[in-house]
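Take a look at the protein shown here. We will walk through its parts one step at a time.

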Amino acid sequence: MVNNSPANNFYCIETDLLNLDFSFQGLTQKQLNELAERRLPENFELLRKELLAGEFDNKTEGRKVSHCLNRSIHNVVKAGNGKNRFTEIVRELRSGQWLGTTGKVITDVVNIGVGGSDLGPMMGSFALKEFADDNSLHTLHTHFVSSMDGGQLYAVLPILNPETTVFIIASKSFGTIDTLANVNTVKAWLEPKLTEHQWLERHVIGVSANSQGMTDFGIPPAQQLSFADSVGGRYSLWSAIGLPIALTIGANQFSKMLEGAKAMDDHFSKAPFLENIPMLLALIGIYNREVRGINNLAILPYDGRLRYLPSYMQQLDMESNGKQATHDNQPLNAPTGPIIWGGYGPNGQHAFFQHLHQGWDHFTADFIAVLHRQAPNFSSDVQRALREQQRLSVSNCLAHRKLMWEGAQSSGDPRNAYIGGHPTNLLYVDELTPQSFGALIAAYEHKVFTQGVIWGINSFDQPGVEKGKKCAVDILDVIDGNRSMVFDPSTNNIIKRM
Ligand code: F6P
């Protein structure tokens with residue numbers, strides 16, 4: 001049972017960009033210190049240094065881990081084949097200078113990618129829209145297509161014109177079937193307006209660590225943006241994969257997002273453990289998982305701009321730390337990363353919060369709040385109304401978090417009994433800006449890294465996903481009639497019906 005009685009405990013770490021209040025975890029500094037002493041390996045400092053220097057070993061994939069090196073616009077730019085193509089492409093598309101092969105201005109950009117090549121760029125573009133540099137002369141509409149079934153293309157293709165649309169093929173490997181299947185459907189849609197040759201000439205940008213793959217596909221060198229193989233897919237929004245974010249807000253604002261992440265890197269590297277946001281998040285998570293036995297963490301942003309954060313966090317945390325083998329391929333017989341779920345908090349209140357307050361299950365949650373809102377692009381009346389909404393949202397965030405922790409008793413009235421004792425964090429920023437957004441995401445990355453180190457697992461590979469992909473190839477071969485193989489009766493039944 002969680003001790004939620006000492007309501008006077010107040011534990012809060014404040015930094016310039018991001019703050020963490022963990023008062024409702026019911027953990028004292030002494031407990032946290034003991035936990036750190038027991039669980040942080042002796043070489044933690046060395047490993048952290050390696051990570052921040054791009055030198056950490058991703059042993060199973062035989063490469064280093066270098067996403068932190070991308071926290072500088074210069075690195076993103078350099079990755080564009082040594083030329084300043086990233087910022088050039090951003091400027092040309094945002095200013096309306098980029099013309100399609102038939103001489104028309106590009107109005108729409110579609111990012112085709114999946115996993116890290118979709119979730120980060122989509123989250124960032126949506127969250128930071130209002131920070132767009134006003135140097136764009138015309139409006140560029142950005143769309144995201146990821147699902148291999150074509151359902152998203154089905155919705156977006158009818159509103160697009162091939163002559164005024166650029167497709168970003170975003171794939172680290174340039175071999176992911178989901179992405180290639182969507183690209184294939186796009187090719188079938190071009191005619192009669194464009195030939196494939198015309199399309200490749202001006203309407204495709206490749207973003208990948210596989211330059212040869214982009215060249216073989218026929219993408220002209222000036223439309224290829226590469227990034228290092230050592231940048232993991234789920235850590236790649238800081239690299240050229242972040243192109244849709246830069247197209248939405250401009251290269252200058254994009255660099256501010258990188259600055260925010262860099263500031264978090266510095267905080268992670270220097271702040272003492274008890275004042276270190278990523279390390280505290282990690283240790284608190286370890287305690288909840290191992291001591292309290294809670295297997296899940298809900299991500300609850302109380303700002304609509306962060307609505308894609310929970311899905312992003314699912315990949316970041318679950319693909320990194322959902323593992324049962326150590327670095328040295330020894331079985332791990334203890335739980336590792338929790339199930340990450342969640343949703344936009346204010347909507348969650350009208351959907352799943354009832355279960356959280358009065359259902360049977362144990363959970364932990366991270367509430368994420370934005371305290372102030374400027375909204376300079378609106379009239380003063382709208383600004384005032386929006387500020388009121390921000391206050392409304394923060395009050396609701398505080399209220400639900402309080403009830404989940406403190407509970408409420410009502411003797412003899414089970415309908416009005418709230419068990420409480422659900423440990424939660426409150427992560428908050430004064431304002432959502434490219435910098436504070438960058439800091440928030442980097443803090444979560446470092447949390448996941450720290451937990452991976454503690455559990456002794458490699459947070460940078462994903463063998464389970466690879467295995468699933470291989471099985472799918474076998475099944476597709478049988479559905480297509482290229483091979484005969486017998487599976488279980490349930491799988492066979494669907495194959496037969498197809
Ligand atoms: O899900 C497996 C995975 O490899 C992710 O790690 C990655 O983000 C996603 O597929 C997409 O891969 P790619 O960018 O190579 O197309």
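Start with two domains: the centres of domain 1 and domain 2, taken over C-alpha atoms, are separated by 32 Å. Keep in mind that this is a predicted model. The chain is divided into domain 1 (2-39 + 271-455), domain 2 (66-254) and domain 3 (463-497). Notice that domain 1 is written as two stretches of sequence, 2-39 and 271-455.

Now look at where domain 1 and domain 2 touch. Domain 1 puts 17 residues into the contact, and domain 2 puts in 15 residues. On the side of domain 1 that touches domain 2, the elements giving two or more residues are α13 (309-321) and α17 (434-455). Of these, α13 gives the most, with 7 residues. What kinds of residue make up this side of domain 1? There are 8 nonpolar, 5 polar and 4 charged.

Next, follow α17. This helix has 22 residues. From its first C-alpha to its last it reaches 32 Å, close to the 32 Å expected at 1.5 Å a residue. Is α17 largely enclosed or open? A residue counts as buried if 20 or more other C-beta atoms lie within 10 Å of its own. By that rule, 22 of the 22 residues of α17 are buried, so the helix is largely enclosed by the rest of the structure. Just after α17 comes G456, with a positive phi of about 75°.

Now for the nonpolar interior. In soluble globular proteins, nonpolar side chains tend to be buried together. Here the largest nonpolar core has 117 residues. I168, A439, L440 and A443 have the most contacts inside it. The element that gives the most to this core is α17, with 12 residues. Both domain 1 and domain 2 give residues to the core, so it lies between them. Pick out A443: beyond its neighbours within four places in sequence, it is in contact with L18, M264, I277, P278 and L281.

Turn to R39, in helix α1 (residues 29-39). R39 is partly exposed, with 18 other C-beta atoms within 10 Å. Not counting residues up to four places away in sequence, R39 touches I286 and I454. R39 and L283 are 244 residues apart along the chain, yet their C-alpha atoms are separated by 8.5 Å.

Finish at the ligand. Which residues come nearest to the ligand? Of the 14 around it, they are G115, G116, S171, T176 and G233. The shell divides into 2 nonpolar, 9 polar and 3 charged residues.

Notes. Residues are numbered from 1 along each chain as its sequence is written. This is a predicted model: local features need pLDDT of at least 70, side-chain atom pairs count only at pLDDT 80 or more; totals for chains, interfaces and linings use all residues. A residue is near a molecule or strand if its C-beta atom, placed from the backbone, lies within 6 Å of it. Ala, Val, Leu, Ile, Met, Phe, Trp, Tyr, Cys and Pro count as nonpolar, Asp, Glu, Lys and Arg as charged, and the others, Gly among them, as polar. Domain bounds come from an automatic or database domain assignment. Two residues are in contact if their C-beta atoms, placed from the backbone, lie within 7 Å. Helices (H or I, at least four residues) and strands (E, at least two) are DSSP runs, numbered from the N terminus. The expected span of a helix is 1.5 Å times one less than its number of residues. A residue is buried if 20 or more other C-beta atoms lie within 10 Å of its own, exposed if 12 or fewer, and partly exposed in between; C-beta atoms are placed from the backbone. A nonpolar core is a set of buried Ala, Val, Leu, Ile, Met, Phe, Trp, Tyr and Cys residues joined through C-beta atoms within 7 Å.
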